[in-house]
Amino acid sequence: MIEVHQLTKRYGPTVAVSEISFEASKGEVLGFLGPNGAGKTTTMRVITGYLPPTSGKVTVAGYDVEEESIEARRHTGYLPESPPVYPEMKVSEYLAFVGRIKGVPRGELRKRVDEVSEKCAIADVQSRQIGKLSKGYRQRVGLAQALIHNPDVLILDEPTAGLDPKQIHETRDLIRGLSGEHTVVLSTHILPEVSKTCDRVVVINAGKVAAVGTPDELTQRLQGFESVLVTAEGPREEIKARLERVEGVSRVEESDGANGRATFEVHATKEKDVRAELARAVVESQWRLLELRTSGMSLEDIFLKLTTHEEQIKN
Amino acid sequence: MRNILAVAGKELRAYFHSPIAYLVLAIYSGLCGFFFYSFVATYIVQVFRMMEMGGMGGPSPNVNEWIIRPLFEGILTVVLLILVPLITMRLFAEEKRSGTIELLLTSPLTDFQIIMGKFLGALGLYIVLMILTFIYIAFLFIYGNPNALPLLANALGLLLFGAGLLALGMWISSFTKNQIIAGAVAFAVFLLLYVSNWVDAYSSSNAGKVFSYLSLTTHFDNFAKGVIDLSDVVYYVSVIVIGLFLTARSLEALKGRP
């Protein structure tokens with residue numbers, strides 16, 4: 001549905017995006033993950049036809065975004081980072097206007113406005129002025145705007161930025177509900193979002209693709225970085241030495257140690273669960289094991305690893 | 001066409017949703033009313049004076065020459081130099097500031113449709129101003145007997161003059177995110193175009209002739225007298241076309257680099 005091939009975008013001498021390629025198939029939710037300034041917004045703007053690519057080829061629904069721009073735009077719905085709303089307009093008036101310029105036939109306009117309002121849970125504010133709505137509502141009006149002409153492709157730039165946790169949850173559910181019918185590309189720098197909403201993830205860093213895969217795949221590839229926190233009572237040096245001898249342990253760092261207790265951060269090598277062995281080692285040596293837990297490699301950690309240790313990921 | 005009208009309707013509604021339309025209408029009708037009253041009063045004094053001098057039976061002074069012409073040439077054009085920037089300054093600047101320009105440029109609209117839509121929307125408000133003017137003029141028909149035909153030339157002149165300014169103002173608005181800057185620069189440019197025929201007074205070089213030709217005032221003269229001269233029409237239509245064309249170029253540049 002979306003094909004990005006060797007896309008490069010330069011602003012004068014600065015390269016925003018360099019030779020990135022990926023595709024999204026029909027009905028898929030593709031997450032676009034990367035730190036701020038990585039080139040997410042630039043890439044999305046090229047896909048939506050807002051910016052021309054410097055080189056490379058981008059097609060949406062089979063239409064080249066440069067050569068057949070109008071056709072491509074007809075098949076694209078776009079929610080920029082800040083919802084492109086006119087604060088002085090009423091919600092229904094705004095959606096009708098967007099519907100008209102996106103080519104919704106006049107007879108269906110009223111129906112479409114009601115449909116998307118229903119879908120985005122803004123039916124109750126249809127007659128309110130957009131400028132007087134809360135940020136969450138405004139975001140949903142932005143989303144409704146992107147959906148008004150029932151596009152094949154939806155491009156959402158940080159759709160949950162600035163929302164409260166409940167609204168974030170609702171927006172994610174909404175996006176999940178859109179998959180299947182629409183191909184969705186959403187950008188984010190918030191990681192839980194990716195595992196909760198996306199089928200596939202493109203990690204982008206400094207204008208280049210750092211990794212592509214399902215959220216599970218990405219997590220698995222990084223399991224090797226997992227570390228275990230061990231807290232025990234006993235002679236510090238000896239414990240450390242003993243833990244280091246456990247098979248599969250690559251490195252032990254002392255992280256804390258008050259009141260005769262010592263906490264160690266144990267790094268294991270890839271594809272090896274060392275927790276059972278660590279527990280046994282401590283207990284068998286007659287020290288008192290107080291706590292043992294994985295430091296739970298959060299998605300945030302994975303993200304950091306991905307964007308700071310690209311070369312390790314690529315193997 | 002449907003797309004153009006959609007954009008134009010949106011622009012026109014935006015004026016009336018905000019204080020701008022009411023402010024412009026109030027300033028315009030206030031100033032216009034004051035000057036109209038002044039010219040009418042002067043005219044009446046003149047008529048009395050002629051009667052005192054024993055001009056009974058002679059033709060009374062021409063209403064078109066004494067009221068309409070000075071109102072159009074001396075006053076309305078100057079008022080518009082200030083009011084048109086108020087109308088045009090938001091056209092693109094506001095869309096750029098609020099990010100809604102991204103909505104327009106990623107919709108299946110051509111640049112031409114966006115520009116024409118905006119231009120016609122602004123022209124819509126301007127035509128409301130013109131209607132106000134002609135309400136004043138209508139009073140002259142109730143109490144006097146002005147010539148109707150020269151009024152057509154007056155109306156056409158005012159329309160072309162305003163449309164030219166609107167097109168240039170829209171172009172200037174596409175440079176910036178800041179409405180104040182867009183408005184101020186537009187005013188400066190309009191004023192310069194308005195007085196550039198002053199060059200005539202001290203220069204007879206070719207450059208001087210060009211400046212004089214470019215002046216908005218030079219070409220309004222005939223219209224104010226009630227005469228439609230094709231070369232004046234060509235001038236104003238050229239200003240409009242150039243304004244629209246430059247806006248299109250500016251929009252292209254905008255896409256190349258936000």
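Colleague: In chain B, what share of the contacts with a separation of 6 or more comes from residues 24 or more positions apart?
Modeller: This is a predicted model. Take the contacts in chain B with a separation of 6 or more. Residues 24 or more positions apart account for a share of 80%.

Colleague: How many helices and how many strands does chain B have?
Modeller: Read chain B from the N terminus and the elements run α-α-α-α-α-α-α-α-α-α-α. The C-alpha atoms of chain B fill a box of roughly 75 × 45 × 30 Å along the principal axes. The count for chain B is 11 helices and 0 strands.

Colleague: What percentage of chain B is buried?
Modeller: A residue is buried if 20 or more other C-beta atoms lie within 10 Å of its own. Chain B has 258 residues, and the buried ones make up 39%.

Colleague: At what angle do H6(B) and H7(B) cross?
Modeller: H6(B) spans residues 111-143 and H7(B) spans residues 149-173. Their crossing is right-handed. The axes come within 10 Å, and the angle is roughly 145°.

Colleague: Which class has 14 residues in the contact of H6(B) with H7(B)?
Modeller: H6(B) brings residues including Phe119(B), Leu123(B) and Met130(B). H7(B) brings, among them, Leu158(B), Leu166(B) and Met170(B). The contact has 1 polar and 1 charged residue; the class with 14 is nonpolar.

Colleague: Which are the edge strands of the open sheet in chain A?
Modeller: The sheet has 4 strands in the order E2-E1-E4-E5, with antiparallel pairing. An edge strand pairs on one side only. That gives strand E2 (14-24) and strand E5 (63-64) of chain A.

Colleague: Which residue in E5(A) is the bridge partner of Val60(A)?
Modeller: Strand E4 of chain A covers residues 55-60. It is joined to E5(A) by 2 bridges, and the two run antiparallel. The partner of Val60(A) in E5(A) is Tyr63(A).

Colleague: Which helix packs on the sheet of chain A?
Modeller: This helix touches strand E1 (2-11), E2 and E4 of chain A. Its direction makes about 120° with that of E1(A). It spans residues 40-47 and is helix H1 of chain A.

Colleague: Which element gives the most to the side of chain A that touches chain B?
Modeller: The contact takes 22 residues from chain A and 21 residues from chain B. Helix H2 (69-74), strand E6 (76-79) and helix H3 (91-101) of chain A each give two or more residues. By class, this side of chain A has 12 nonpolar, 5 polar and 5 charged residues. The element that gives the most, with 4 residues, is H3(A).

How values were computed: Residues numbered from 1 in each chain as written. Chains lettered and ligands numbered in written order. Predicted model: local features only at pLDDT ≥ 70, side-chain atom pairs only at ≥ 80, totals over all residues. Buried ≥ 20, exposed ≤ 12 C-beta atoms within 10 Å, placed from the backbone. Contact = placed C-beta atoms within 7 Å. Nonpolar A, V, L, I, M, F, W, Y, C, P; charged D, E, K, R; others polar. Axes fitted to C-alpha atoms, helices over the stretch in contact; angles between N-to-C directions. Left-handed = near helix turned anticlockwise from the far one by under 90°. Pairing = 2+ DSSP bridges.
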